[in-house]
Amino acid sequence: MSTTLSTTLNSTVQAATEALSSAGSTQLIVAALVGIAVIVLLITQLKLHPFLALTVGSITVGALGGMELKDALASYSTGVGATVASVGTLIALGAMFGRLLADSGGADQIADTIINRATPRTLPWAMALVGALIGLPMFFEIGLVLLIPIILVVARRSGLPLMRIGLPALAGLSVMHGLVPPHPGPLVAIAALDANLGVTMALGVLIAIPVVALAGPVLAKYVGRWVPVSAPALFVPAGAPAAVAPMSSATATTTGAGTDATSADATDAGTRRPSFTTTLATVLLPVVLMMGKALVDIFLAEGSSVRAALDFLGTPLIALLLAVFVAMFTFGRGSGMKLGEIATSIEKSLPPIAGILLIVAAGGGFKQTLVDTGIGGVLADAIAGSSVSPLLLAWVVAVLIRLATGSATVATVTASGILAPLALTLSTGETSLLVLAIGSGSLFFSHVNDAGFWLVKEYFGLSVGETIKSWSVMETVISVAGLLLVMVLGIFI
């Protein structure tokens, strides 16, 4: 009798414990969903800045997840500090490098050299390469403003439809922005998921090449028929025919119609540009160092002097820091800029990224709040017990947030925070693929809530419908193709 009673009591206690655990898990999941909904509504409906929305969302998740408010604030602050320390410095260095590239005329040198060696048949492929090279070290918005006048002038000079020239360049720029470090999105995901930067970069470049080809030159053949528009008469010198505007250094460097005064002033002063070889070598320097670190970590034993050297030089902070110092010489002094002009160029690189830094930092706070409430662990357990591929799930989460907010960075930050606990169960290669799946999802179907959508529409002189049939379709192709290639690599890694 006593044995039966004891068994019954144990069963009852176990059932009650499981019920309480289930109730707690449900509360945490609801807290996560409500927090995400709050972020989305604040951004889309109240037009609140993502930094403020992410901050409010973090506090909401903590409160609904059972944390005391002071603990929720502590988690948020810890996440902000850690993210700024790990990612913020890299974003700042990347901005300095990109500004020097633009102000020295190095970006124009890359573009002009490739374009001058291309035929009408290969020109779309050359423009894709231009977009990828310029997009490698530069933020998307900066690269887009830099590319627009080059795209328009080349389209008029070549006589090809605008979409045959513009779409490949935009594809190269967008793919690099979403998949390849040191862009903010991939860097945030790498930090949140504790992925290996070198491995992620190598896999990102491997995926980026076919994705750029498909979403750029190949897709442009069809989009040119759907949207048969000519280049608008922007950036045309006074008195010059709109269809035959010469692509001079001054034309290409007058990038933002007042948004890049330093570049325009430098061009007016007649400064020389760094050579193509020097520019390309400087752009690829941080990439080579970081990928070299990843390779020696795989193939060389610990204790090797070569491995020790590349482990230091290939650290993202050191690689980008060296690239900035080298660029000050090759881009700055190489183009005839004085020391004061180089200092001014670097100084002006930081204000435009203040918003990006705040969003990224707040995203890190949101991620830390998710981790400290235990919500991530609950989701990871649910995912581990399901048949859904983690890569597909990561892509879907990023897609939903991208569609709702219009921001690839917010989508990457939020999705990587939600999926961070899951990465603990994955290998190094699988974690890097998770980063790339999130990055692919963050690019899905740019529409009216995305600033990039309106930039392309206005500069290309398109209607909303034409922008959707060109730019939005291209972004969707990039996203889906990226996911498919990630899934294929997942079979072998």
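I began with the pair α19 (408-423) and α20 (428-441), which pack at an angle of about 155° with their axes 10 Å apart. Helices here are DSSP runs of H or I with at least four residues, numbered from the N terminus. Axes are lines fitted to C-alpha atoms, for helices over the stretch in contact, and angles run from 0 to 180 degrees between N-to-C directions. On the α19 side I list Thr-412, Ala-415, Ser-416, Leu-419 and Ala-423 as making the contact, and on the α20 side Thr-431, Leu-434 and Ile-438. Contact means heavy atoms within 4.5 Å.

Note on the source: the model is predicted, local features need pLDDT of at least 70, side-chain atom pairs count only at pLDDT 80 or more, and totals for chains, interfaces and linings use all residues. Residues are numbered from 1 along each chain as its sequence is written, and side-chain values use heavy atoms, with hydrogens and water left out.

Buried means under 20% relative accessible area, exposed over 50%, and partly exposed in between (1.4 Å probe, protein chains only). The cover over the buried residues of α20 includes α7, α8, α9, α18 (390-405), α19 and α22 (464-492).

I then checked the loop between α20 and α21 (451-460), where Phe-445 is found. Phe-445 has a positive phi of about 40° although it is not a glycine. Most residues other than glycine have a negative phi. Phe-445 is partly exposed, with a relative accessible area of 27%. Ser-446 lies in the loop between α20 and α21 too, but is buried, at 1%. Leaving out residues up to four places away in sequence, I have Ser-446 touching Arg-402, Phe-453, Trp-471, Ser-472 and Glu-475.

From there I went to α8 (184-193). Nine of the ten residues of α8 are buried, so α8 is largely enclosed by the rest of the structure. Its buried residues pack against α3 (69-103), α7 (162-179), α9, α16, α19 and α20. Asp-194 follows α8 and has a positive phi, near 55°. I place Asp-194 in the loop between α8 and α9 (197-226), where it is exposed, with a relative accessible area of 68%.

For α16 (residues 354-373) I noted 20 residues and a reach of 29 Å, close to the 28 Å expected. Gly-374 follows α16, with a positive phi near 90°.

Last, I looked up the nonpolar core, that is, buried Ala, Val, Leu, Ile, Met, Phe, Trp, Tyr and Cys residues joined through side-chain atoms within 4.5 Å. The largest has 129 residues, and those with the most contacts inside it are Met-127, Ile-151, Phe-460 and Met-474. α9 gives the most to this core, with twelve residues. Setting aside residues up to four places away in sequence, I have Met-474 touching Leu-167, Leu-170, Ala-171, Ser-174, Ala-215 and Leu-219.

Methods
Helix = DSSP H or I, 4+ residues; strand = E, 2+ residues; numbered from the N terminus. Expected span 1.5 Å × (residues − 1).
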